[in-house]
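Reader: I am new to reading structures. Please take a close look at one part, the aromatic cluster, and walk me through its rings.

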Amino acid sequence: MEISIKGDAVSLHAGIVELQEVYAFRLAEQGGIVLTGRQDERINGLIITFDEGGGTVTYHEPCHFFRALGLILEQWNKGNKQIHIQETMQFSSVGPMFDLSRNMTMKLSTLKDFIRKLAVMGHNTAMLYMEDTYEVDGEPYFGYMRGRYSEQELRELDNYANLFGIELIPCIQTLAHLEEFLKWDAAYTYKDTRGALLLESNATYDLLDRMIASATRPFRSNRIHIGMDEAEEVGRGRYLNIHGFKDRFELMKAHLDKIVEITDKYQLRVVMWSDMFLKLASETGDSYDKTTDLPEYIVNQLPDNVQYMYWQYAQADREHYQRMLQQLKRFGSTPAFAGGMWVWNTFAPNYQISLTASEPALAVCKEEGVGDVFVTLWGDDGYESNVYHALYGLQFYAEHAYHTEIDITRVKERTLFCTGMDPEALLALNKMDQPPGVDEGNTLQTNPSKFLLWQDVLLGLFDKHVEKNPVGNFYKKLAEEIQQYNQQASERFFDVPEKLCWVLAKKGDIGVELKAAYDAGNQEKLQEIARQVIPEVTGRVKELHAAHRKQWLSLNKPFGWEVIDIRYGGLLQRLDTARLRIEEYVRGDLEAIDELEQERLYFSPNVEESSGLGWCSYYYRMASPNVFFHVLPIY
């Protein structure tokens with residue numbers, strides 16, 4: 001398909017060129033289909049009038065034109081030559097927040113690929129969450145060996161995003177969540193606790209000035225997200241020793257004022273997470289629910305040139321969103337909203353929770369006039385998942401951004417066109433955390449695909465969770481289902497989830513079977529586990545590791561992969577130790593296997609009453625109840 005671009009859209013030529021190969025069209029100077037772009041500030045969206053010979057796209061922002069181009073190409077590919085579409089944008093900003101701080105720093109080529117997909121979907125913003133993964137003048141340990149981005153790399157990304165009218169916004173931390181910098185001895189001067197900065201310190205504010213200047217310099221945007229979430233420990237470490245106790249609200253208010261002085265100096269618009277002020281306003285000082293009332297003393301004392309962003313990833317209650325957004329409006333500005341696509345702390349995207357929560361959230365955002373909407377893609381505990389698994393969720397948010405109500409069939413059609421991914425395949429990955437024992441429609445966080453992989457065969461910390469619900473056959477059938485999608489996908493895109501399911505088909509029940517055989521004195525079964533099952537699991541784990549390594553190194557910088565490497569290495573060594581000890585026991589060289597003498601307990605005592613199979617946020621807690629590292633003082 002050849003297209004000639006005319007009119008105002010000629011200014012977008014460089015971006016259109018970048019889309020040719022992926023979306024199978026070619027730009028022609030003359031001839032072909034003539035597509036005329038007309039930029040009109042009076043409309044907030046796009047109007048397509050198109051027939052077989054060409055047509056017109058009337059648009060306001062560049063993102064509207066690129067979405068329109070995608071709509072035209074999609075319909076043309078279906079054989080529709082007469083296209084008449086009008087869409088009104090529901091938000092002023094919509095886009096993902098990429099987590100580039102939890103060991104995964106994506107290659108520029110990967111981020112550029114996302115930018116192209118976002119453009120055709122119709123997104124116009126993206127936040128880059130960087131705790132310590134950018135360069136700061138005078139701080140060589142800031143992001144050291146963490147895959148930090150250079151100023152040149154970030155500027156290159158910003159220039160690329162600008163081709164499509166996409167605004168890149170740096171999202172940093174200016175109070176807490178700075179453990180990976182503050183762990184260094186060189187950063188001790190700035191440290192209050194393990195993760196929080198020392199307040200009322202000239203050195204700290206000199207650092208923050210340099211951080212803000214360095215983080216914003218590569219970008220055209222004058223917006224910066226300053227973080228400041230989950231800072232419960234502020235003032236309770238070295239600060240307490242130096243200054244004594246001080247009310248956390250007073251500390252945070254004074255700190256925010258200082259940050260705003262810096263951002264005003266650089267003429268920046270500030271966004272920050274709202275949770276700490278909502279928590280401080282709650283009766284317990286830590287709750288985050290719709291019963292919270294912001295008292296006047298908080299509302300009246302905070303700066304009025306800050307936009308407060310409300311984050312919520314799991315609530316399905318419309319009233320919850322209405323209440324919280326209305327509370328934040330009392331600060332005198334319209335809040336922003338951040339939902340989430342659950343790709344964190346698991347190998348699988350949890351679309352069940354994500355979409356159930358996002359649907360009422362986005363509907364209420366429209367009702368309440370919230371203009372800035374983002375979808376977070378967190379990577380807690382090492383980003384074992386693949387960020388591309390969230391593509392269906394990104395399309396879901398894009399469709400909400402252009403329609404008052406969405407049609408799920410169209411979301412799936414658009415996902416297939418914009419991403420090249422089968423939406424049913426992406427949604428099928430959700431099943432990886434829905435084995436027997438997880439209720440249908442469960443919206444509680446549960447991550448068996450992770451804890452069943454990493455838990456130790458001999459220790460079986462989660463065996464009690466699956467004792468009454470064998471999972472092996474489930475994962476075998478799911479592996480076969482994902483295998484079908486994988487064979488159809490480009491470059492075997494679903495290799496990691498497929499191979500993980502093959503591992504869990506054997507390993508998922510092995511601990512329960514091992515304990516039962518040991519308690520029954522079934523020597524034959526024990527020998528079978530040692531000589532047949534464990535070696536087969538070991539082989540499958542090696543295949544999974546190879547596929548995971550290939551995936552990571554193709555998409556991301558190498559920094560951070562060593563953590564996952566170590567996890568696989570530990571798993572393989574523990575499988576070998578289990579095999580050895582079982583064989584020694586069967587031969588009579590051991591009187592008992594001490595680990596199997598222990599009663600199995602639930603990792604989470606309340607799991608029996610829940611609709612899930614339990615949840616654990618940390619690999620090291622799944623692998624062993626013993627000491628991985630000495631628990632340090634708070635600072």
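Author: Start with a rule: rings of Phe, Tyr and Trp (its six-membered ring) pair if their centres lie within 6.5 Å; planes under 30 degrees apart count as stacked, over 60 as edge-to-face and the rest as tilted. This is a predicted model, where local features need pLDDT of at least 70, side-chain atom pairs count only at pLDDT 80 or more, and totals for chains, interfaces and linings use all residues. Residues are numbered from 1 along each chain as its sequence is written, and side-chain values use heavy atoms, with hydrogens and water left out.

Now the rings. The whole structure holds 43 aromatic pairs. In one of them, the ring centres of tryptophan 454 and tyrosine 619 are 5.6 Å apart, and their planes stand at 90°, so this pair is edge-to-face. It joins distant parts of the chain: tryptophan 454 lies in helix H16 (residues 448-454) and tyrosine 619 in helix H24 (residues 619-623), 165 residues apart. Helices here are DSSP runs (H or I, at least four residues), numbered from the N terminus.

Next, burial. Buried means under 20% relative accessible area, exposed over 50%, partly exposed in between (1.4 Å probe, protein chains only). Tryptophan 454 is buried, at 3%. Tyrosine 619 is buried too, at 13%.

Look beside it. Tyrosine 618 and tyrosine 620 have ring centres 5.8 Å apart and planes at 35°, so they make a tilted pair. Tyrosine 618 is partly exposed, with a relative accessible area of 46%.

Trp454, Tyr618, Tyr619 and Tyr620 belong to one aromatic cluster, along with Phe347, Trp552, Trp561, Tyr568, Phe628 and Phe629.

Methods:
Helices (H or I, at least four residues) and strands (E, at least two) are DSSP runs, numbered from the N terminus.
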